[in-house]
Amino acid sequence: VAGLRQRWRIPLAFGLTDETFVLAQLRYGAPDDSPFKHWYHLGSFLAMYANWLTWTLAGILLGRTLPYLERLGLEFAMAATFTGIVVPMLRSRPMLGAALGAGVMALAGRGLPYKLGLMLAAFTGVVIGVLLEKPGEDRP
Amino acid sequence: MTARELVLIAGMTAVTFLIRYSFFALGEHLRFPPLVRRALRYVPVAVLTAIIVPMVLLPDGRHWQLTWRNPWLLGALASGLVAWFYNHLLAAISGGLAVYFLSRWILAALAAT
């Protein structure tokens, strides 16, 4: 993105989500030197955005018609997803330490206002991860 | 929708957009020092773990539930195990959801008898 003009950067920044970031980063890093990689980025953003709007609308409409939706336990899907993302990353000592530190700190600071506990936990995890890296070791 | 709400939404849009755009605008002038680059690798794991752990161990936000009667704990363990051994995200999510709903159903049946 660093090579693009500002009039490209503004809409792309507006549409930056986690998913678009992952896809665009892969495309920019690909070995070919196609000059149209930012169009790929834009396409990803538009597709993700449309998808998001569609399901938000579906959620609003369904939420009105289905009673007891909040008792179905759909929030658990988020915990399952995050667990599925995190666990395979825990294959090195620094990563494991980062997760343990963040988890313990999140429990200790869960009463703090404004999600400060989460911030503190993330910071603790990052510091522990960096400290556990062996000198000269370059990959996590 | 009141004027107050419109101002609130416009403000939130501006803040979110400025945070995202700041890195894009600086672009080529921005280089992270090596220590920051190393540290950034741990951010996803640290943030996600910090979100999950309290959700799973204290599902109601107040009481510790470190028992097999906690469907959140059982479901998260299941998706963790599937993710560890098969490294397949969709399988981990479905496995976790299956165990979560199954254990809720069994626990409700046990409570009824």
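The side chain of Thr16(B) reaches the backbone oxygen of Met12(B) at 2.7 Å, a polar contact in the sense of a pair of N or O atoms within 3.5 Å, where within protein one atom must be able to donate a hydrogen and the other to accept it, and where residues adjacent in sequence count only if both atoms are side-chain atoms. Thr16(B) is placed in helix α1 (residues 3-26) of chain B; helices here are DSSP runs of H or I with at least four residues, strands are runs of E with at least two, and both are numbered from the N terminus. Because its relative accessibility is 38%, Thr16(B) counts as partly exposed, the class between buried (under 20% relative accessible area) and exposed (over 50%), computed with a 1.4 Å probe on protein chains only. The C-alpha atoms of Thr16(B) and Ala83(B), which are 67 residues apart along the chain, are separated by 32 Å.

The model is predicted, with local features needing pLDDT of at least 70 and side-chain atom pairs counted only at pLDDT 80 or more, while totals for chains, interfaces and linings use all residues. Residues are numbered from 1 along each chain as its sequence is written, chains are lettered from A and ligands numbered from 1 in the order in which they are written, and side-chain values use heavy atoms, with hydrogens and water left out.

In helix α4 (residues 71-86) of chain B lies Ser79(B), which counts as buried because its relative accessibility is 0%. Its side chain reaches the backbone oxygen of Ala76(B) at 3.2 Å. Leaving aside neighbours within four places in sequence, Ser79(B) is in contact with Ala80(A) and Thr83(A) of chain A, and with Ala92(B) and Gly96(B) of chain B, contact meaning heavy atoms within 4.5 Å. Asn87(B), in the loop between α4 and α5 of chain B, counts as exposed because its relative accessibility is 52%, and its phi is near 55°, a positive value in a residue other than glycine.

| Helix pair | Angle | Axis distance |
|---|---|---|
| α5(A) and α3(B) | about 45° | 8 Å |
| α3(B) and α4(B) | roughly 135° | within 7 Å |

The pair α5(A) and α3(B) is therefore oblique, as angles under 35 degrees count as roughly parallel, over 145 as roughly antiparallel, 65 to 115 as roughly perpendicular and the rest as oblique. The contact involves residues including Met95(A), Ala99(A) and Gly103(A) on α5(A), and Val45(B), Thr49(B) and Pro54(B) on α3(B). By class, the residues of this contact divide into 11 nonpolar, two polar and no charged, where Ala, Val, Leu, Ile, Met, Phe, Trp, Tyr, Cys and Pro count as nonpolar, Asp, Glu, Lys and Arg as charged, and the others, Gly among them, as polar.

The helices α3(B) and α4(B) are likewise oblique to each other. Here Met55(B), Val56(B) and Leu57(B) in α3(B) meet Trp72(B), Leu73(B) and Ala76(B) in α4(B), and this contact has six nonpolar, no polar and no charged residues.

Chain A has six helices and zero strands. Of its 140 residues, 33% count as buried, and residues 24 or more positions apart account for 53% of the contacts in chain A with a separation of 6 or more.

Notes:
Axes are lines fitted to C-alpha atoms, for helices over the stretch in contact, and angles run from 0 to 180 degrees between N-to-C directions.
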